[in-house]
Amino acid sequence: MTGICTGRVAAVTGAGRGLGRAHALALAAEGAAVVVNDLGVTADGAGASGGPAQQVVEEIRAHGGQAVAHTGDITTDDGARSLVTTALDTFGRLDALVNNAGFLRDRMLVNLAEEDWDAVMRVHLKGHFLPLKHAAAHWRAEAKAGRTPDARVINTSSGAGLQGSVGQGNYSAAKAGILGLTLVAAAELGRYGIQVNALAPAARTRMTEQTFADTMAAPTDGDFDAMAPENVSPLVVWLASADSAGVTGRVFEAEGGRITVMEGWRPGPTADKGARWTPSEAGETTRKLLTESEPARPVYGA
């Protein structure tokens with residue numbers, strides 16, 4: 001198979017279903033050998049099964065591609081390390097990591113249990129950090145040995161991480177944390193030939209088709225299915241390829257046929273007294289600055 005990822009090896013977490021599956025198939029279609037990671041859990045993270053990962057591997061192989069299943073828990077140090085070693089032992093290299101695994105445990109804040117907060121933080125935020133850490137350690141060692149890689153990391157955030165989502169305080173906080181992690185990783189790892197970017201996709205998955213049922217419904221009249229997860233994958237494939245050279249530390253939104261470069265948290269209207277404000281002065285000045293600023297975007301579900 002030939003394409004923009006020919007000769008490259010990519011690991012995709014949470015690749016048994018939804019967006020991860022679409023990414024794995026698209027990477028393979030463009031020539032990449034793929035490590036398909038998935039625990040095979042339910043939408044809230046319960047249970048485990050090797051079936052979903054193996055099924056995607058078989059789909060890739062049926063189309064002439066190369067793939068191997070990995071069912072380790074990437075929220076553990078051993079599981080994340082074994083994701084990298086599986087790529088190295090099977091295909092001899094690793095060129096791209098797509099962090100995608102996740103699940104939901106939605107509650108309004110006053111009803112959100114501590115264990116549901118911890119679980120979502122673990123799979124989304126820690127589940128990005130540990131694979132990134134072990135992949136980066138491998139690539140750094142390669143660079144220090146004089147074999148500077150052309151490596152890529154694509155992290156998965158969300159519109160909830162960019163602007164919040166009612167009933168998803170744990171998920172929104174984790175996805176916002178992934179954005180911060182992305183910026184730090186891009187700054188730290190560039191010297192080793194590693195580019196790190198983040199994506200905030202909108203697509204129909206197990207996590208969205210119930211929460212946003214009306215928005216995510218597939219068309220029945222043959223029109224373009226804007227919420228199909230396959231629409232997001234072309235950008236992921238390009239970011240994972242050598243063609244994306246020079247693109248790092250960026251955040252993108254992808255939905256249907258739309259790609260957006262996000263430009264968040266830039267300084268807006270500012271006032272400088274040159275001395276300490278009184279509380280009343282601070283309040284009066286802040287209200288004036290707010291009238292000069294862009295209106296806040298509405299929170300999802302508000």
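Begin by selecting R191, which is found in the loop between helix 6 (169-189) and strand 6 (194-202); helices (H or I, at least four residues) and strands (E, at least two) are DSSP runs, numbered from the N terminus. This is a predicted model, in which local features need pLDDT of at least 70 and side-chain atom pairs count only at pLDDT 80 or more, while totals for chains, interfaces and linings use all residues. Residues are numbered from 1 along each chain as its sequence is written, and side-chain values use heavy atoms, with hydrogens and water left out.

R191 is exposed, with a relative accessible area of 65% (buried means under 20%, exposed over 50%, partly exposed in between, with a 1.4 Å probe and protein chains only).

Leaving aside residues up to four places away in sequence, N100 touches T13, G14, L19, G20, H23, H128 and T156, contact meaning heavy atoms within 4.5 Å.

Finally, select helix 1 (residues 18-29) and helix 8 (residues 233-240), which pack at an angle of about 55 degrees, with their axes 9 Å apart; axes are lines fitted to C-alpha atoms, for helices over the stretch in contact, and angles run from 0 to 180 degrees between N-to-C directions. The contact is made by L19, A22, H23, A26 and L27 of helix 1 together with S233, V236, V237 and A240 of helix 8.
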